[in-house]
Amino acid sequence: MTTVEERPHTGFGRTLRKEDVRLVRGKGNYVDDVRLPGMLHGALLRSPYAHAKINSIDTSAAEAHPKVLAVITGETLKGLGLAWMPTLSYDVQAVLATDKVRYQGQEVAFVIAEDHYSARDAVELIEVDYEPLPVVADAKKAMAADAPVIRDDKEGQTDNHIFDWESGDQAETDAVFANAEVVVAEDILYPRVHPAPLETCGSVADMDPVTGKLTLYTTSQAPHAHRTVYALVAGLPEHKIRVISPDIGGGFGNKVGIYPGYVMSIVGSIVTGKPVKWVEDRAEHLMSTAFARDYHMRGEIAATKDGKILGLRVKVLADHGAFNATAQPTKFPAGFFHVFTGSYDLQAAHCTVTGVYTNKAPGGVAYACSFRITEAVYLVERMVDVLAYELKADPAELRMKNLIQPEQFPYTTKTGWEYDSGDYPKALQLAMDMAGYDELRKEQAEKRERGELMGIGVAFFTEAVGAGPRKHMDILGLGMADGAELRIHPTGKAVLRISVKTQGQGHETTFAQIVGNELGLPTADIEVVHGDTDQTPFGLGTYGSRSTPVSGAATALVARKIRDKAKIVASAMLEVSPDDLEWEGNRWQVKGDPEQGKTIQEIALAAHSSLELPEGVEGHLDATTVYNPPNLTYPFGAYICVVDVDKGTGGVKVRRFIAVDDCGVRINPMIVEGQVHGGLADGVGMALMQVIAFDEEGNHLGASFMDYLLPTSLECPSWELGETTTPSPHHPIGAKGVGESATVGSPCAVVNAVLDAIKPYGVRHADMPLTPAAVWGALNGRPIRTDLAIP
Amino acid sequence: MQVPAPFTYERATSVEHAIALLGELGPEARVVAGGHSLIPMMKLRLARPDALVDINGLGAELAQIRVDGDDLVIGSLARHADLLGSAVAGEHFPIFHDAEKVIADPVVRNFGTVGGSLCQADPAEDLAAVFAALDGVATLRGPAGVRQVRVRELHVGPYETVLAPDELMLELRVAIRPGGGSAYEKVERRVGDYPVAAAGAAVWLDGDTVRDVGIGLTAVGAEHFAAPEAEAALRGQPATEESFRAAGQLAAEHCNPSADQRGPVDYKRHLAAELTTRALLRAAARARGQEA
Ligand SMILES: Cc1cc2nc3c(=O)[nH]c(=O)nc-3n(C[C@H](O)[C@H](O)[C@H](O)COP(=O)(O)OP(=O)(O)OC[C@H]3O[C@@H](n4cnc5c(N)ncnc54)[C@H](O)[C@@H]3O)c2cc1C
């Protein structure tokens, strides 16, 4: 452990997180902690069916409950024009079902009562006459001729098709494949999983009937985007909406979109004239909020006999659930899946993605996936291992042979993306050295002799994070650029206001450190304000690892504006020309006369004083900026996982995990490592135990933490972290995002390790999750295909 | 937050008081001990008792773990954590510590009770298999008085026991016999999860011969959580891996697992054999003093 220094901390480096002073003492303030005078409580009635026509809804018994104030159904909303709302993918989603329900757990009615218990009791008093309809739970059956049409609400929709999308050059790729010595194909599923933040979603809506101002406390990763969407949908004037995201207990992309419950708390407050709280429970959260993945992929890889990878061809069937509510830049229906070419120098690549509707919950978000990069990396890293299997090649060597070389950067992929910087072989070599790769292979060979199963899994990933630029990337027309405002008080303390919103990533510390690094102010002297649209500049929020690449850049640049302004003030104070000043860590000083200088604190006081300021300087010390990223940043890493498999039970023990991450310049290495630790645990969870499964009737089979398992410390080894540092050339401080790197890179390392362990049994591929039952099945000659739930 | 349907709540001040309350409140009243099975089911509204009778104040009477003559006695209100921490239980029956280490998590173990586990009669309950292996006996008390029921006769089906609505489980007894060893083996998808399958074994050796044996199985649809056919076949046999494997096979043949997200039928049946064998091997090693 590195110790944390005690003198006032300034700039980059390890320092305790400012937010932990409240969070570790249980003094955080989450949405469910919000209690307003006269506040009422809402609860949703949800559909027990995956697909059913609603014949009628009888709310009379619920309305008769002594503590119930109102019961709202889809019919009520229809009258207000609010029964449907737009999704982030240019589709619509029912706020409360009117015609029929399309997935189990869909919102049907909303009860408002004096307390939460009564609201729940009254939900059970609502009688709905459902007429069950045939169900499409399996994406592979969604396009069958006889499949029921789920979205018959949409004009002209006669099947369950949503979109076709492609990337890369098909003819070029086909030609490479036609001439290749080796072509290997594999069907690879990335099962539906769930972000499962520990805090479920919720909101408290407070519509002031006098001022007409709506204050919405809500679990949002993107408060500004939410405000604008509410203004557009509900017709409320935007300046009369204040969205506050207080402390957020984990998001992982799950809290990017707008859920019917949020809207209903607003409607409830308008209807009753009182604040209305709605907080969903765990089962509701796992059943109805944005899932992730559900990508049915077929990969083909072309190579020479001696292991030079030539091309990749991929077909994806994407299950988007009942409404296309994927949270991603609007022009990117398959997110950034383009990066399925991974970290390799290829001659050609092509992929197609077809999105379909099913009778399952909508979403298809991040979950720390940087817009489908998790799926892309999983695909390519599995395919490389599949190729290694066929060529009887060592998976690390095969990767080493094909990685993009340092001198090739900036590197343009076959799908047209420009990777900014990297030294891939160095990262992989470091991971191999840390692991003792050759020794591990020796140990494995000895164990195999004795019939023991040990596996070594290798994965290399390239991430693409920090969306925009705004001209390419927008959400519902809102360009992906973010603002920052910095104000230095007369006494030299600073307030930074940013548009992104932490869900636990430590923004209050990291962003203070960026300001401190630019201005020489102690971290403790910089307050970071975020998560309140009335107090912060516009911007698109935190997801896709974009906070540091985008808002981190905005913060550095706004601090530099202050520094420039301070220079002019300092020149007035010192009575020298600005050209004679130079910046020295925390002060402007006279070139060649270091005795003569002024710190930011001194300058701040002067800027607010009666000092005569030079022409063109307005006084005070504040600045604003908007940062529109010129490109994404491309963090990368090399991961090696070591597992032991019990062949009698199929149980997998992750023995070691070596993670070398390169996220450019590290602002607070401790926070970076925390992000990596969390992502690695996530990866173990997805690889070994997680799937949101459904039966043929569309019944959700994972609506509790007894069914949907989160890994614990006992499933995780003591992580072994390494780093290389390749700064981003286009980011003001050379930083790249890191929030999702480990979630992107780790699942495949674990899966590759398990498959490496059971290679003697002739198993080339198996779908996640590799539960004991699944591994035992593979050992006994069964292909592992994770489809629906019950084998 | 999930919240239960309305119910009333009474706190029992003695065993007699608890039984009287249950009688007064009628068959829709439930005892609440640790509440870690009952309350989650109430919050999901799968259980809707009219009333709860809280017995947590009866620790002095019901939470003891002690040796009484030739019996180990475990009070029904002993927490999982008490049993895990009990030196006397571990000394005589290491199977208790094996099992308690892998039941739920520390938070649940601090509250969940031994009696609550057995009365819940979850078909995947670990302690049911442990007490079946040890052939433990439960003491029940109702308005008419006290009766003894073998744990192997306590469960009549999933979530169903022979207890009358106004009967209370007081304690569990396990006979301490010389020459014994015991062990528990469980496969779970993740720590704290209910078992995919688990097996407990207790063996008593005469030299290298199995004098007596108890085998408990859970989560695999074994009737009364036991494997009587395997036990009968193993009695009098040499205590070798071969006979243990044969017993494991028999245990597997006679259980009746069902498929779910934890695994398919044949896998669970395989585990019944594999884990029974492993538990027998470890129990025998302990009986020989070869393993702690
Ligand atoms: C997260 C979690 C994980 C778990 N994992 C496991 C696991 O891995 N393996 C496992 O075996 N179990 C597991 N459990 C179950 C746990 O062991 C039980 O919840 C607990 O021990 C039951 O005891 P209790 O005191 O909480 O019972 P309660 O919930 O209080 O009661 C359960 C039932 O028993 C009745 N009852 C209780 N005491 C008495 C009595 N003295 N006389 C008559 N009736 C009584 C109650 O009326 C009720 O019907 C898990 C539970 C949780 C919440």
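Predicted model: local features only at pLDDT ≥ 70, side-chain atom pairs only at ≥ 80, totals over all residues.
A salt bridge is counted here where a side-chain nitrogen of Lys or Arg lies within 4 Å of a carboxyl oxygen of Asp or Glu. Across the interface of chain B and chain A, five salt bridges are found, along with 12 residue pairs in polar contact, both partners having pLDDT 80 or more. Helix α12 of chain B (residues 265-287) supplies the largest share of the side that touches chain A, namely seven residues. By class, this side of chain B holds 13 nonpolar, four polar and 11 charged residues.

Turning to the extent of this interface, 28 residues of chain B are in contact with 32 residues of chain A. The two chains bury about 2600 Å² between them, with 57% of that area on carbon and sulfur atoms. On the chain B side, the residues that lose the most area to chain A are R189(B), R190(B) and Q261(B), which together account for 28% of what that side buries.

Within chain A, the domain assignment gives three segments of interest: domain 1 (34-133 + 198-250 + 255-288), domain 2 (382-466 + 631-779) and domain 3 (482-627). The C-alpha centres of domain 2 and domain 3 of chain A are 39 Å apart. Contact between these domains of chain A involves 18 residues of domain 2 and 19 residues of domain 3. Together they bury about 1300 Å², 61% of it on carbon and sulfur atoms. Zero salt bridges are found across this domain interface, whereas six residue pairs are in polar contact there. The side of domain 2 that touches domain 3 comprises seven nonpolar, eight polar and three charged residues.

Definitions and conventions:
Residues numbered from 1 in each chain as written. Chains lettered and ligands numbered in written order. Heavy atoms only, no water. Domains from an automatic or database assignment. Contact = heavy atoms within 4.5 Å. Buried area = accessible area lost by both parts, 1.4 Å probe. Polar contact = N/O pair within 3.5 Å; in protein donor to acceptor, adjacent residues only side chain to side chain. Nonpolar A, V, L, I, M, F, W, Y, C, P; charged D, E, K, R; others polar. Helix = DSSP H or I, 4+ residues; strand = E, 2+ residues; numbered from the N terminus.
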